[in-house]
Amino acid sequence: MSKRRIKKVAVIGSGIMGSGIACHFANIGVEVLLLDIVPFSLNEKEEAKGLTLNDKVVRNRLVNDALTASIKSKPAPLYNKKFASRITTGNLDDDIAKVASADWIIEVVVERLDIKKQVFEKLEKYRTPGTLITSNTSGIPIKFMNEGRSEDFQKHFCGTHFFNPPRYLKLFEIIPGPNTSSEVLDFFNSYGEQFLGKTTVIAKDTPAFIGNRIGIYGIQSLFHLVKEMGLTVEEVDKLTGPVIGRPKSATFRTVDVVGLDTLVHVANGIYDNCPTDEEHDVFKLPEFINTMMENKWLGSKSGQGFYKKIKGEDGKSKILGLDLETLEYRKGKRASFPTLELTKTVDKVIDRFKILVAGKDKAGEFYRKNFALMFSYVSKRIPEISDELYKIDDAMKAGFGWENGPFEIWDAIGVEKGIELMKAVGKEPAAWVHDMLASGINSFYTVKDGATYYYDIPQKKHIKVPGQDAFIILNNIRKSNEVFKNSGCVVEDLGDGILNLEFQSKMNTIGGDVLAGLNKAIDIAEKDFAGLVVGNQGANFSVGANIGMIFMMAVEQEYDELNMAIKYFQDSVMRLRYSSIPTVVAPQGMTLGGGCEMTLHADRVVAAAESYIGLVEFGVGVIPGGGGSKEMALRASDLFHKNDVELNVLQEYFLTIGMAKVSTSAYEAYDLGILEKGKDIVVVNKDRQIATAKAVAKSMADLGYTQPVRRKDVKVLGKQALGMFLVGTDSMEAANFISEHDQKIANKLAYVMAGGDLSEPTLVTEQYLLDIEREAFLSLCTERKTLERIEHMLKTGKPLRN
C-alpha cells in the first residue's frame, strides 16, 4: 500500500476546469495553489485606478477573476463556500517556485501540445523529484507531452482526466505514459476512488481515451440517425433522457450546455487521429452541425443552439426548438410515443430496455437502430481502448451520467437479441462476442456471493471486477441476504451482525409500509443482531413522507386516523433513537421532510457528500410533524449554554424550518444544525457509504452500546420566545413578505419551538414537544389553503404560495 500523502496540490491553469479541480481538492480538505499567467495588458478599471502591470492585484487578476467566477457559478463547485479559504492563488512568473512544496502538480492549460510542453519545461525547474505531475488533457497523447523530460519526471507523469464539472461527474480517467511507474498508477487508482470520490478507470493512451471516444460516438451516430429517421430535437431528447436512465438534459440539451464547439473539437480529433476506426465516417460532422458552427449557434454560451430561449409578447419565456431540416427555430414540439407509455409502470430502468426495443412505433425503431450501432461499436473497441469491458461501462456511467453502461444494456436485452438487432442494420459484433456465446456463456456480467463478475476475453470466463471489497452493492445481495420484506422496503443482512433497511417505495417516500419495516428491522436487530443501518443506493434517500396519504385523510376529514398516522411516524423515529442497538442513517441525494426527520433521529449519520437535506414541509402548508420541529427545538436547547442570547440560537433553528432551507451538500447540513460535528460523518464516494455506515454501526456495538435514556431536560423559553416570533411574523405579513397563510404556519411552528405559551423557561420532555408538534400539524391539515398546497404539490411537484 502506497505511503504517499497528498497535503498540497498545485493546479496550473485557472479556467473552468482548473478552478473546478482546485475547488474539488479544497472540498476534500487539501491545500491548493492555483496559478495562471500574468495579464498582457491593463483593463479599463486598472487604468482608471492608475495601476501598472507590476502591481500584484493586476498580476493575479486572471487567476482571481477565474476562481471568483467559478465559486459563484451553479451548480456550486464547493461543498461549502468557506472551503475557498483552502485555495491560494498566484501567477506563473512570481509564484512558480512554490510548486516545490506540492505533492501533486496538475496541468490544466489550453489543449495545445506546444503550450503544454512549455509549461512542463518550466515546471520541471522547480518540481521536487518524486512529486506527482499530471495533465488534465482530454485527448492529447501522453507520450508526446513528456518528450524531453527527465527520467524522474516521466516516471511520475501521466494523464488524469477529470470530467466537467469536477465536483459532480465521477469519472476520473488515468492514462499512463510510456514510462509511468506502476506505483504511481496504483496510487492514482486508489486515491481517486477513496479521496476524490471518483470512479477511477485506467485507460489506454488512445484518442479521446474511453469516455469521450464512446460518448462522442454515441452523439455523432445520433446526429446521423436523426436525419435518417426524420426525428425532431424534442423527440430525441424524450427518447434519450430519464426513460433510459440518462440525465434530463438527454442529448441536444446536453450539447447546448457543454457547448457545440467542445463536442466538435473532440469529434474532429477522433476523426483526424483514428483513420482505421471502422466507424470513421460517423465522426464526420453532418452539414447541419457545420452550419450551426458557422452561425456560432453553440448553445447556452452563445444564447442559442439546438434550443433558443426567447421572451414572448406576454413577457413569459418560451423555448424554441431548431428544425434540423430548415435550420429555423420554431415553437417547441411535444414528443410522445406509445412505446414509452408501456414503460411508465416499470420502475427499474434496466427492465425497460426489452420493452423499448420491442416497440412497434418510431421509438421502437429508434432504439433498435441506436442500440445496435452502440453495441457493435463498443465490442470492437476492445482491446483498442480497454482490455476489460467493465471499464467502458464504468466510464459511461461516471462520465456521462448513464444509469447503465452499454454492456449492461446489452445484457438486459439479451446478447443474442443484440446481435439480431445489429444484423438488421448491417452490423456485426466483434469476434470475441461470438466466441463467448459459443463457449456457453450468454452474459457479459454475473453476480456471485454479492460481487459482480465480468467476462474476461483472454481468460474466456467471468472474473471478479476488481476494487469491490470496499463497497457493499445492495442490488447484489438483496435476494440472497433478505431477512424481511414488504411492499415498501426490504431488510438485508450486511454481515458481521449488522442489518440494513432499504426503502423501495416510489421515490423512497415514507409511508406505513416503510415505517412498519423500520419497526420490524429494529425488532429483528434487537433480538438477533448487533446494529441497524438505514440506507439505500437509489438516486435519493427519500423525498419525504407520503403526502398523498396525508391529503386523502385530510380531505375525508379522517382526523383520528391522521393523528394515529402522524403519531406512528413520531414513535418510529423515536424508536430509531431509543432502541437497544446502535442505529446509523445513510442519506444521499434528496433527503427531504420525513427523510430528514429520520436522519435527525439516528445515533449516527454517515452522509454522502452530495446530500441535499432539509425540512421542507412549509412548502406544502404544514410544519415538520414527524419529530423534526421537536428535534430542532431540542438541538437549540443543547446550544443555549454556548450563547448568552438564547433567543438568537432558537431563532436560527426556527428559520431553518421556516425558510425550508435545504443544504447544497452534506457539509452545509452541519451549518443548518442537521448534521452534528464530531458525531456525524461525510463520505465523498457514495459507493463506500453503506460499507462505512456498517463499519460505524459495528464499531459502536463492539465498544458496548447502551440504550439511551429518554430526554426530560429540553429547555424551552415559552412566552418569551413565542412573543418574539409572533411580532416577527406579524411584521413580515404586514410588509407582504409572507402571505397570511404563511404567517399561520409560522405561528404554529413558533408555538411548538417555544414549548407553548409557558410563563417562564421550563425543562420539558421530548414527548411533550412531540404532542404539541402533532397537534399543530393536525390543525394545519384542517385549513383549506394547506389542502390546496398539498394538492398543487401532488399535481406539479412544485410548492404553491397562497
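Modeller: Start with E610 and R167: their side chains are joined by a polar contact of 2.7 Å. A polar contact is a pair of N or O atoms within 3.5 Å; within protein, one must be able to donate a hydrogen and the other to accept it, and residues adjacent in sequence count only if both atoms are side-chain atoms.

A word on the source. This is a predicted model, where local features need pLDDT of at least 70 and side-chain atom pairs count only at pLDDT 80 or more, while totals for chains, interfaces and linings use all residues. Residues are numbered from 1 along each chain as its sequence is written, and side-chain values use heavy atoms, with hydrogens and water left out.

Back to E610. It sits in the loop between β21 (604-608) and β22 (611-614). Helices (H or I, at least four residues) and strands (E, at least two) are DSSP runs, numbered from the N terminus. E610 is buried, at a relative accessible area of 19%. Buried means under 20% relative accessible area, exposed over 50%, and partly exposed in between (1.4 Å probe, protein chains only). Beyond its neighbours within four places in sequence, E610 is in contact (heavy atoms within 4.5 Å) with Y79, R167, Y168, Q588, G589 and T664.

Now the salt bridges. The structure holds 56 of them. Each is a side-chain nitrogen of Lys or Arg within 4 Å of a carboxyl oxygen of Asp or Glu. K204 and D387 form one, at 2.9 Å from N to O. K204 lies in the loop between β8 (199-202) and α9 (211-229), and D387 in the loop between α16 (362-380) and α17 (389-400), so this pair ties together parts 183 residues apart in sequence. Both ends are partly exposed: K204 at 28% relative accessibility, D387 at 36%.

K227 and E325 form another, with their closest N and O atoms 3.5 Å apart. K227 is in helix α9 and E325 in the loop between β10 (317-322) and β11 (329-331), so the pair links parts 98 residues apart in sequence. K227 is partly exposed, at 33%. E325 is exposed, at 59%.

R774 and D771 meet at 3.3 Å, N to O. They are 3 residues apart in helix α32 (residues 766-781), about one helical turn. R774 is buried at 11% relative accessibility. D771 is partly exposed at 31%. Elsewhere, salt bridges with shared partners join R577, K630, E631, R635, E676, K679, D680 and E766 into one network.

Next, the hairpin. Strand β9 (residues 307-311) pairs with β10 in the antiparallel sense, over 5 bridges. Two strands pair if DSSP finds at least two bridges between them. Y307 stands opposite G321 in β10. Between the strands lie 5 residues, and G315 in this hairpin takes a positive phi near 85 degrees.

Last, the cores. A nonpolar core is a set of buried Ala, Val, Leu, Ile, Met, Phe, Trp, Tyr and Cys residues joined through side-chain atoms within 4.5 Å. The largest has 115 residues, and F25, W104, L532, V534, L675 and M753 touch the most other members. Leaving out residues up to four places away in sequence, M753 touches S629, M632, A633, L650, Y653, F654 and I657. Apart from this core lies another, of 112 residues, including L33, V226, M292 and I382.
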